[in-house]
Amino acid sequence: MIITTTPTIEGRQITEYHGVVFGEVIAGINFVKDFFAGIRNIVGGRSVSYEEELTKARNAAIKEMEDRAARLGANAVVGVDVDYEVLGGDNGMLMVSASGTAVTIR
């Protein structure tokens, strides 16, 4: 399946639109990662543990969106957008959502 942020796929023709598809993931970060991220925030630098969790959540949201598109008979998703939100304040959960238009291309 081709997944792209662009509205078209070069060299391919969209023959059918199946509608908008979504993938959502809500992930929590455990207190140990929170602790070490807090230290990293004080001394500076990147939080590898948070970056890894963000990557996992993003990939899972895109995979869920892809699976939903496939169930509709699509072989591509165009116009993909990925959004991030923190739910529940400082100690909340991370929500990652991916959306796009499921299409059949030729």
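At 31% relative accessibility, D67 counts as partly exposed, a class that lies between buried (under 20% relative accessible area) and exposed (over 50%), as judged with a 1.4 Å probe and the protein chains only. The structure is a predicted model, in which local features need pLDDT of at least 70 and side-chain atom pairs count only at pLDDT 80 or more, whereas totals for chains, interfaces and linings use all residues. Residues are numbered from 1 along each chain as its sequence is written, and side-chain values use heavy atoms, with hydrogens and water left out.

D67 forms a salt bridge with K63, and the closest N and O atoms of the two are 2.9 Å apart; a salt bridge is here a side-chain nitrogen of Lys or Arg within 4 Å of a carboxyl oxygen of Asp or Glu. Because they are four residues apart in helix α2, D67 and K63 are separated by about one helical turn, and K63, with a relative accessible area of 44%, is also partly exposed. Salt bridges that share partners join E24, E64 and R68 into one network.

A search of the whole structure finds four salt bridges. One of them connects E24 and R68, with 3.2 Å between the closest N and O atoms, and this pair links distant parts of the chain, since E24 belongs to strand β2 and R68 to helix α2, 44 residues apart. Both partners are partly exposed, E24 at 36% relative accessibility and R68 at 30%. In a further pair, K56 forms a salt bridge with E53, the closest N and O atoms being 3.8 Å apart; K56 is exposed at 53% relative accessibility, whereas E53 is buried, with a relative accessible area of 14%.

The protein as a whole contains two helices and four strands, arranged along the sequence in the pattern β-β-α-α-β-β. Helices (H or I, at least four residues) and strands (E, at least two) are taken as DSSP runs and numbered from the N terminus. Buried residues make up 28% of the 106 residues.

The four strands form an open sheet with mixed pairing, in the order β1-β3-β4-β2. Strands β1 (2–3) and β2 (14–27) stand at the edges, each with a single partner strand, so one side of each is left without a neighbour in the sheet. Two strands are said to pair if DSSP finds at least two bridges between them, and β1 pairs with strand β3 (residues 76–87) in the parallel sense over two bridges; I3 has V77 in β3 as its bridge partner.

Within strand β4 (residues 93–105) lies S97, which counts as buried at 15% relative accessibility. When residues up to four places away in sequence are not counted, S97 touches G23, E24, D81, V82 and D83, where contact means heavy atoms within 4.5 Å.

Helix α2 (residues 48–71) has 24 residues and reaches 35 Å from its first C-alpha to its last, close to the 34 Å expected at 1.5 Å a residue, the expected span being 1.5 Å times one less than the number of residues. In this helix, S49, E53, A57, A61, M65 and A69 are buried, and just after α2, G73 takes a positive phi of about 95°.
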